Amino acid sequence: MSYWANKFKQLNKKYWKGKLSTINVNVRDLSGEKAEGLYHYPHEEKKALIEIEKSLPHHHKRNILLHEMCHHAVEELYEERPYHCHGTLWKEQMKKVGFKGKIHSTRGRYKTRNY
């Protein structure tokens with residue numbers, strides 16, 4: 001199991017009691033997408049996927065993974081499908097896992113407590 005697959009599993013167990021389905025996590029150059037992380041929700045034949053910008057410092061990659069996992073949680077745990085980007089349910093998930101302060105798409109990427 002890759003490092004990021006294992007980290008996904010650990011965070012899933014800690015924050016969602018293992019309820020989220022396991023999905024692939026890829027670390028790659030996202031500069032063309034101008035993003036630090038992406039959550040691709042499942043549709044048609046495609047499975048959900050998380051992608052993380054490879055140039056980020058390691059601790060930022062962990063925070064981005066958790067940010068994207070909150071999108072995955074909204075997709076899987078609520079009837080709101082497809083998920084609604086950075087809406088109320090996503091913000092609730094972000095607070096649940098420990099993100100602090102005003103949370104929106106470009107804030108709420110970095111946690112203020114250890115995990």
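Which residue just after α3 takes a positive phi? That would be Gly98, with a phi of about 110 degrees. Here are my notes on the rest.

1. Ground rules. This is a predicted model, where local features need pLDDT of at least 70, side-chain atom pairs count only at pLDDT 80 or more, and totals for chains, interfaces and linings use all residues. Residues are numbered from 1 along each chain as its sequence is written, and side-chain values use heavy atoms, leaving out hydrogens and water.

2. Overall layout. The protein has 3 helices and 3 strands, and along the sequence they come in the pattern α-β-β-β-α-α. Both kinds of element are DSSP runs numbered from the N terminus (helices: H or I, at least four residues; strands: E, at least two). Of the 115 residues, 41% count as buried. Buried here is under 20% relative accessible area, exposed is over 50%, and partly exposed lies in between (1.4 Å probe, protein chains only). If you take contacts between residues at least 6 apart in sequence, 53% of them join residues at least 24 apart; a contact means heavy atoms within 4.5 Å.

3. α1 against α2. These two pack at an angle of about 55 degrees, with their axes 10 Å apart. Axes are lines fitted to C-alpha atoms, for helices over the stretch in contact, and angles run from 0 to 180 degrees between N-to-C directions. The pair is therefore oblique: under 35 degrees counts as roughly parallel, over 145 as roughly antiparallel, 65 to 115 as roughly perpendicular, and the rest as oblique. By class, the contact has 12 nonpolar, 3 polar and 3 charged residues. For the classes, Ala, Val, Leu, Ile, Met, Phe, Trp, Tyr, Cys and Pro are nonpolar, Asp, Glu, Lys and Arg are charged, and the others, Gly among them, are polar. The α1 side includes Trp4, Phe8 and Leu11, and the α2 side includes Leu65, Met69 and Leu77.

4. α2 against α3. Here the angle is about 130 degrees and the axes are 9 Å apart, which makes α2 oblique to α3. His67, Cys70, His71, Ala73 and Val74 of α2 meet Leu89, Trp90, Gln93 and Met94 of α3. That contact has 6 nonpolar, 3 polar and no charged residues.

5. Gln93 up close. This α3 residue counts as buried because its relative accessibility is 3%. Leaving aside residues up to four places away in sequence, Gln93 touches Trp16, Cys70, Ala73, Val74 and Tyr78.

6. Two lysines to look at. Most residues other than glycine have a negative phi. Lys17, in the loop between α1 and β1 (24-28), has a positive phi of about 55 degrees although it is not a glycine. Lys34, in the loop between β1 and β2 (37-40), also has a positive phi, near 55 degrees. Lys17 counts as exposed at 72% relative accessibility, and Lys34 counts as exposed at 78%.
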